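Please examine the sequence and the structure shown here before reading the briefing.

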Amino acid sequence: MSADVELSHAFDDIDLGKLETSLRSPRTLLSALLSATALLASLVACVPLVSVVSMLVIRGGQRLSWEALTATPPAAFTSGGGFGNAILGTLMMVGIAAALSVPCGILAAAYLALLGPETWTSSAVRFAAKVLTGLPSVLAGVFAYAAVVLATGGFSAPAGGVALAVLMLPTVLLTAEEAIRMVPTRMKEAAIGMGTTDSQLLWRIVLPTAMPGILTGVMLAVARAAGETAPLLFTALFSSYWLVNNGQVQLMRPTASLAVLIYNFSAMPFPNQLSLAWAASLVLVVIVLTFNIAGQFLSRNRHRQ
Amino acid sequence: MGTPTTIPFAVAPGAISRPPTASERAIDRIARMVTLAFAWSVIGLVTYIVLKIAWTARPAVARFGSDLLTATTWDTNRDLFGLLPAIWGTLYSSIIGVAVGTFFGLAIAIVLSQDFLPRSLETVLKNFIELLAAIPSVVYGLWGIFVVIPALRPLAAWCFDHLGWIPVFGTPFRGPGLLPASLVLAIMVLPTVSALSREALVAVPNKLKEAAYGLGATRWEAILGVLMPTAMTGIFGSIMLGFGRALGETMALAMLVGNSNTLSVSLFSPATTLAALLALNFPEAKGAEAQVLMYAALVLLTITLAVNVIGTAVVTRASIKMRGIR
């Protein structure tokens, strides 16, 4: 009985009104103000994206036509023209870069995640890959210029491909390592219990299981490479012509790309070139986003498993 | 006891599992060698890139030494080269870009990690920020020329007219310059900062937040007093990685910074950066200029490598520390 009485008086000197959340108290007011600031800042951060996308759709969409997608770039003071050779050039250089970086990245990742995960070599490789992730793209271009352009004697699509491959490699490698690590241990142990060698385990069990994750990394790397400009400026340069000339494919020549076309045309005083730059930006963003979304779709499927 | 144990299913021994044959072992050894070779090739590539750039820059380093880092003129006709304006422009634009980008990036990281929004809106915002990271920098450059610069014109004119006595607003705004370049940099840094900071904030164990609420902290007292200090290493690492990205960013800057070899604290003044200098002058550079540009590439490589190594080390350390709290 006396305990109840004591308890009922225990809260007497507490003003219950103080415990209510009220904007009049400075602490809650500050909290509300900060919440408003954070939400406002998030909203403001979305403005650039909305602006970029609407400009691309309005100014790029206006000019987008079959001619723009298939013709070669126009000369100054002429009308019409397009960027068909640049689309082809971009796809080709990204293809070369993928052919160089994907096998190398996946096999190195197989070593890191499966064959020698705790060795000194694999921590060194991981460190090297992280260094490559932070390499400024213009330096990949400088490197490819010094290593390929000077060696082969001219600007070319393969030189651009090498520069892009340097940029793709770390993404492919690090995501592939992560994907291989995600393969359930019980699958690996079951295979080893049946007497597989490590390389059979890799080919038959681990790589097929990890493939969606690996492809996600490849797609993201391709998306990044397709939008890169700086490494192509002095490796592939630019060209107003198709790579196929008189029925011959001339690989070792300056090659057009969408990104460099946008850069070159953005500085020109001619409205025709400027509108083409916007249309090319739209096409480039669509290509980049397609690869991005494809990659994310693949990883979403993997999570569902 | 004497009866042999029979296998309860009708498979001959060796049909499902058997030890690898000699040829399989040989193949395994070769495959192991091949993957090891590819792993080493990554290390080799990084070493080769660093050595190749350093080696090509060697004549300029021998000829100009460290004078190049402090000289300010750039006159190819008289063989006068100075990298100070470019180094200054690189650091100045990156610091402003990272400061602005960090403010917005952290706000987004907090909004996305602390249940401010319903799940569906959270996903929308997250996808928006991811899209921001996907847009190529050359497109940002084009957008900057046609949207950001015209939008800044009236504001910059007012600042110059009324606040022109402050050195930061000390020159008239003529279009391309540090301010538009830094703002576009901020947009490009933002996704890096927000994604990595969000990860750091999510990694803070819930019990810390719950304890703070239990002691009567308001939401922001919990965020600023408990969550942010705990996640600070990770947040700092994300800022460093964003800084590394800003330092090496090329196209948006080459298109927006004005490419003028001037040394100025004014936000409206045109400037140049190491990456933009390389992108613009490298294709036509000959002789001494080409060597000096390689020197510039080496300087850029050194700065970004240092920043990135610090950033990566900090992020790694942060995740190890977090494991201790759990």
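The points below treat the overall form of one chain, its interface with a second chain, and a single residue.

This is a predicted model. In it, 77 residues of chain A are in contact with 79 residues of chain B. Chain A itself is built with 13 helices and 2 strands, and 52% of its 305 residues count as buried.

**Overall form of chain A**

- The secondary structure of chain A comprises 13 helices and 2 strands.
- Chain A has a radius of gyration of 28 Å, whereas the globule rule gives 19 Å for 305 residues, so chain A is more spread out than a compact globule.
- Along the principal axes, a box of roughly 105 × 65 × 35 Å holds the C-alpha atoms of chain A.
- Among the contacts in chain A with a separation of 6 or more, 72% are between residues 24 or more positions apart.

**The interface between chain A and chain B**

- The size of an interface is often expressed as the accessible area that is lost when the parts come together.
- Between them, chain A and chain B bury about 6600 Å², and carbon and sulfur atoms account for 80% of this area.
- On the side of chain A, the residues that lose the most area to chain B are A:Leu49, A:Phe143 and A:Tyr263, which together make up 9% of what that side buries.
- Chain A and chain B are joined by 2 salt bridges.
- In a salt bridge between the two chains, the side chain of B:Arg32 meets that of A:Asp198, with a distance of 2.5 Å from N to O.
- Helix α3 of chain A, residues 26–63, gives the most to the side of chain A that touches chain B, contributing 21 residues.
- That side of chain A consists of 53 nonpolar, 20 polar and 4 charged residues.

- A:Thr216 is located in helix α10 of chain A, which spans residues 198–227.
- Is A:Thr216 buried or exposed? The relative accessible area of A:Thr216 is 10%, and buried means under 20%, so A:Thr216 is buried.
- Apart from its neighbours within four places in sequence, A:Thr216 is in contact with A:Gly295, A:Leu298 and A:Ser299.
- For A:Gly295, the backbone oxygen lies 3.1 Å from a polar atom of the side chain of A:Thr216.

Key
Residues numbered from 1 in each chain as written. Chains lettered and ligands numbered in written order. Predicted model: local features only at pLDDT ≥ 70, side-chain atom pairs only at ≥ 80, totals over all residues. Heavy atoms only, no water. Contact = heavy atoms within 4.5 Å. Buried area = accessible area lost by both parts, 1.4 Å probe. Salt bridge = Lys/Arg side-chain N within 4 Å of Asp/Glu carboxyl O. Helix = DSSP H or I, 4+ residues; strand = E, 2+ residues; numbered from the N terminus. Nonpolar A, V, L, I, M, F, W, Y, C, P; charged D, E, K, R; others polar. Rg over C-alpha atoms; globule rule 2.2 N^0.38 Å. Buried < 20%, exposed > 50% of the residue type's maximum accessible area, 1.4 Å probe, protein only. Polar contact = N/O pair within 3.5 Å; in protein donor to acceptor, adjacent residues only side chain to side chain.
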